[in-house]
Number of protein chains: 2
Amino acid sequence: MKLPVFEDIIDAHKLIKEFIHRTPILTSSAINRIIGSEIFFKCENLQKTGAFKFRGACNAVFSLTNEQASRGVGTHSSGNHAAALALAARIRGIQAHIVMPSNSPEIKKKAVAGYGGIITYCEPTLQSRETTLREIAEKTGIEIVHPYNNCKVIAGQGTAAKELLEEIPILDLILCPVGGGGLLSGTALSVKAISPLSRVIAAEPSGADDAYRSFKAGYIIPSVKPKTIADGLLTSLGEINFAVISQKVDDILTVSEESIIEAMRLVWERMKLVIEPSSAVPLAALLEKKEAFRNLRIGIILSGGNIDLGNLPF
Amino acid sequence: MKLPVFEDIIDAHKLIKEFIHRTPILTSSAINRIIGSEIFFKCENLQKTGAFKFRGACNAVFSLTNEQASRGVGTHSSGNHAAALALAARIRGIQAHIVMPSNSPEIKKKAVAGYGGIITYCEPTLQSRETTLREIAEKTGIEIVHPYNNCKVIAGQGTAAKELLEEIPILDLILCPVGGGGLLSGTALSVKAISPLSRVIAAEPSGADDAYRSFKAGYIIPSVKPKTIADGLLTSLGEINFAVISQKVDDILTVSEESIIEAMRLVWERMKLVIEPSSAVPLAALLEKKEAFRNLRIGIILSGGNIDLGNLPF
C-alpha cells in the first residue's frame, strides 16, 4: 500500500491554492481563559462548501490528466465530500456523479445540486451505494474519488494544518476530529514534517469510537452502529488513513455528547462562528481534560459549518 | 459643535491597534451570485466583545489623560456599547460604571459583568437611566462615554471602514447599518477621505426609520416607538452623527423585517457567521433592490454577532 508523504501535501497546496480560501485563524480570549491555554482555531468552516473537504476534493480533481478528467468523477456520499467534489468538478468544468441515499436530508440534496452535481438516488444501504456507483463508473468511466481513503484526498486535507503552521509556527499541540481519518492523516503528515516536536491528538465522540479502539488495538476495528450528534464522524477508518495515523498520531481522545454540545455552543456564542457538531469535538476534549492541557499553545482545526439551522441542539 | 475629521480616525487607529482585532474580510460566491455583485464583508462580529463598538469604546478610554482615567468611565446602555466600554476599561485597568435597566436580558447583564463592568440597575426609562448615571458621575467624577454622540467614539468606529479600504481599495459602494449613527458617521468620514468616489449608503429597518426620515428632512426627527428585530438600531440619531451624515452619506435605504431575517439566515448558512439582526440590514437592502446594485464591488460592515441562541427567528 502506497502511503502519502509530506511532499504530496506541498504539491497539493501548489495545485489547489488558487481555488481554495486561505481560511483565517481566529482566537478567543474568553475560550483561552476557560481552557487556560492559548488556542488558535483554523476556520475550515469558512472554507468553500463550508468544510475542509473541499481541499481534498480539489486536489483529487485537479490531479487528473485531461483525458481522465474528461470522463468525470464520482462518489457516494450524503455529506460534505459530495458537495466538495461537485464544486471542484464544476470549477474544472467536468461532471461529478454523486450517489446519495434517497432518504438524505433535503438540505444536502440541494447543496449538491446547487454545486452542479449529478445526483443518482439509491437505497439507504452501503451495498446499494457501492453497487450504484460501480454501475455508473462502468458505464461512464468516471474516476471514483473516495471521501478519505485516497492519497490525493489526504494530501489535500493536509494543507489546512500546513497553512496553520505557516502562520503560527510554534504550537505544542494540534487537535482535529477523526471520522474516516482523511483530515487526521493529512494533518499528522504536515505537523510531523513541519514541526516534529508538536503533538498531534485526535478527538472522537465516544458514541463512534472506532478510531480510538483501532488506534489502541493496532488494527482496524470498524464502527458498529455508531451514534453521535457529530454526523460527520460516523464513518470507519480507511486503510491508508489508519496506516498513517498509526505512525504519526500521538493520541486519540473520546468525548461525551454533552461536551460536544457545550463546545459547539461556546464557539457559536464566543467566536460568532457557525460550526457543525463534528467541528466541536476537539474543543470538547479540551473542556473535559483542562488540567492536561493547561498553559499550552494549541491549534484546532474547525472542520466544517454545515448544519441545519432549523434543528439546533440548543 | 466640533465635528470629527479623518485625522481623528488615523489617530484612533494608531491608539487602539494593539487592543482590537484586525477583523477578517470574507466573501461568499453564493451570496455574490444571489446579488449579482462582488461583496466584501468586514467581519466586526468577530471583533472583541462581538461588535464594532469595541473600537469606539477603546478610543474613548485610551484617549483619556491618566488623571481623567483614574476616576473611571461610565455609560447607560443595555447593549454592545456597555460590554465594549467595560472591556476597554478593564484593559486600561480602570473602573467602568454601567447603568442598565433592571429588565435587561440576563445574557447582557452577564456579558457586562464578565468584562468587569460595575453594574447599577435603574428603572427601564430613559429618564431613570440618565438620572442614575448623572448621580454616579457627580459622586465619582467618571467620564461619561456616550455610545455614539461622541467624537472619540465616532473616530474609533471609523477605523473599521479604514481597514476595509486598506485591504480592498476599489469599492463602488460601502454599506452599513444605522441606529444612533456612530458607525455610519465614522464610516462616511473614512470612505470620503480615502476613496472619495465610493458611495456610502446606510440601511435601516423601516420599523425604526428615524435616520431615513431625518436625512430626507434635513433635521433630526427622533424615533417614536420604533419596532424591529434589529435591536441594535432602536436608538435615535445623535447630533454630531447627524451633522456628519448629512454632509458625507449618499443615501439611506429602509428594509422590511422579512428581508432582515432572510439576509441574516443567508449569512449564517452560506458564510457560517453568527451575526445579530442589525448586522443583516445592509444585505437586506441589497436583497430588496438587486437591480440597483448589479455588477458592483460592494463593502458591507457586519456590525456584530451578539444574539441569544435560545431565541432565533428561524
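Two strands are taken to pair if DSSP finds at least two bridges between them. On this basis, in the predicted model, 4 strands of chain A form an open sheet in the order β5-β4-β3-β6, and the pairing is parallel. The edges of the sheet are formed by β5 (118–122) and β6 (143–144) of chain A, each of which pairs on one side only. Strand β4 of chain A, spanning residues 96–101, is joined to β5(A) by 5 bridges in the parallel sense. Within β5(A), Y121(A) is the residue that stands opposite M100(A).

Helix α5 of chain A (residues 80–92) lies across two strands of chain A, β3 (73–76) and β4. The helix runs at about 165° to β4(A).

A further packing arrangement in chain A involves helices α1 and α3. Two packed helices are described by the angle between their axes and the distance between the axes. For α1 (residues 6–16) and α3 (residues 53–62) of chain A, the axes come within 9 Å and the crossing angle is roughly 85°. Because angles of 65 to 115 degrees count as roughly perpendicular, α1(A) is described as roughly perpendicular to α3(A). On the side of α1(A), the contact is made by A12(A), L15(A) and I16(A). The residues contributed by α3(A) are R55(A), C58(A), N59(A) and F62(A). By class, this contact of α1(A) with α3(A) comprises 5 nonpolar, 1 polar and 1 charged residues.

The model also contains a contact between chains A and B, to which chain B gives 15 residues and chain A gives 15 residues. On the side of chain B that touches chain A, the largest share comes from helix α12 of chain B (residues 257–271), with 3 residues. The residues of this side of chain B divide into 8 nonpolar, 4 polar and 3 charged.

Chain B is superposed on chain A by a rotation of 180° with 0.0 Å of shift along its axis, at an RMSD of 0.0 Å. The two copies are thus related as by a two-fold rotation axis. Among the residues of chain B, L273(B) comes closest to the rotation axis, its C-alpha lying at 2.4 Å. Of the interface residues of chain B, 100% are also interface residues in chain A, so the copies meet through the same surface.

How values were computed: Residues are numbered from 1 along each chain as its sequence is written. Chains are lettered from A and ligands numbered from 1 in the order in which they are written. This is a predicted model: local features need pLDDT of at least 70, side-chain atom pairs count only at pLDDT 80 or more; totals for chains, interfaces and linings use all residues. Two residues are in contact if their C-beta atoms, placed from the backbone, lie within 7 Å. Axes are lines fitted to C-alpha atoms, for helices over the stretch in contact, and angles run from 0 to 180 degrees between N-to-C directions. Ala, Val, Leu, Ile, Met, Phe, Trp, Tyr, Cys and Pro count as nonpolar, Asp, Glu, Lys and Arg as charged, and the others, Gly among them, as polar. Copies are superposed by least squares on the C-alpha atoms of residues with pLDDT of at least 70 in both. Angles under 35 degrees count as roughly parallel, over 145 as roughly antiparallel, 65 to 115 as roughly perpendicular and the rest as oblique.
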